[in-house]
Amino acid sequence: MTRRSDERQPPAQATRSQQLRPWQIRERCFNVRRRGLDPVEIRTFLHQVADELTVAQTALRAVQEENVRIKNALRSWQSAQSANHRYR
């Protein structure tokens with residue numbers, strides 16, 4: 001798979017502050033060597049990893065949203081409990 005120079009190029013390595021994106025895995029290209037690995041096998045594996053990363057990132061977002069919902073519910077409950085104890 002070749003690229004034109006005007007196409008976006010994913011970084012060679014993602015830094016710790018950057019989250020690796022599935023498209024970066026799918027579009028990653030490697031140099032071809034004389035006795036290199038099968039490019040089709042590599043591409044198939046990269047797509048599998050990207051798919052699994054998509055599932056993991058989606059699940060993470062859902063857990064983070066649930067965490068916010070639970071924290072907000074806890075704050076509301078704590079406020080209600082605090083108000084009930086003040087007037088007794």
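1. The side chains of Q19 and R21 are joined by a polar contact of 2.9 Å (N or O atoms within 3.5 Å; within protein, one must be able to donate a hydrogen and the other to accept it, and residues adjacent in sequence count only if both atoms are side-chain atoms). This is a predicted model, in which local features need pLDDT of at least 70 and side-chain atom pairs count only at pLDDT 80 or more, while totals for chains, interfaces and linings use all residues. Residues are numbered from 1 along each chain as its sequence is written, and side-chain values use heavy atoms, with hydrogens and water left out.

2. Q19 belongs to the segment before α1 (22-26); helices are DSSP runs of H or I, at least four residues, and strands are runs of E, at least two, numbered from the N terminus. With a relative accessible area of 41%, Q19 is partly exposed (buried is under 20%, exposed over 50%, partly exposed in between, with a 1.4 Å probe and protein chains only). Beyond its neighbours within four places in sequence, Q19 is in contact with Q24, Q57 and L60, where contact means heavy atoms within 4.5 Å.

3. Q57 is a residue of helix α2 (residues 39-86) and counts as buried, at 8% relative accessibility. Its C-alpha atom is 9.8 Å from that of Q19, although Q19 and Q57 are 38 residues apart along the chain. Not counting residues up to four places away in sequence, Q57 touches Q19, L20, R21 and P22.

4. There are two salt bridges (a side-chain nitrogen of Lys or Arg within 4 Å of a carboxyl oxygen of Asp or Glu). One is between R26 and D51, with the closest N and O atoms 2.4 Å apart. R26 is in helix α1 and D51 in helix α2, so this pair ties together parts that are 25 residues apart in sequence. R26 is partly exposed at 24% relative accessible area, and D51 is partly exposed at 40%.

5. E66 and R69 also form a salt bridge, their closest N and O atoms being 2.7 Å apart. Both residues lie in helix α2, three residues apart, about one turn of the helix. E66 is partly exposed at 35% relative accessibility, as is R69 at 47%.

6. On the whole chain: the secondary structure is two helices and zero strands. Of the 88 residues, 8% are buried. Among contacts with a separation of 6 or more, 50% involve residues 24 or more positions apart.
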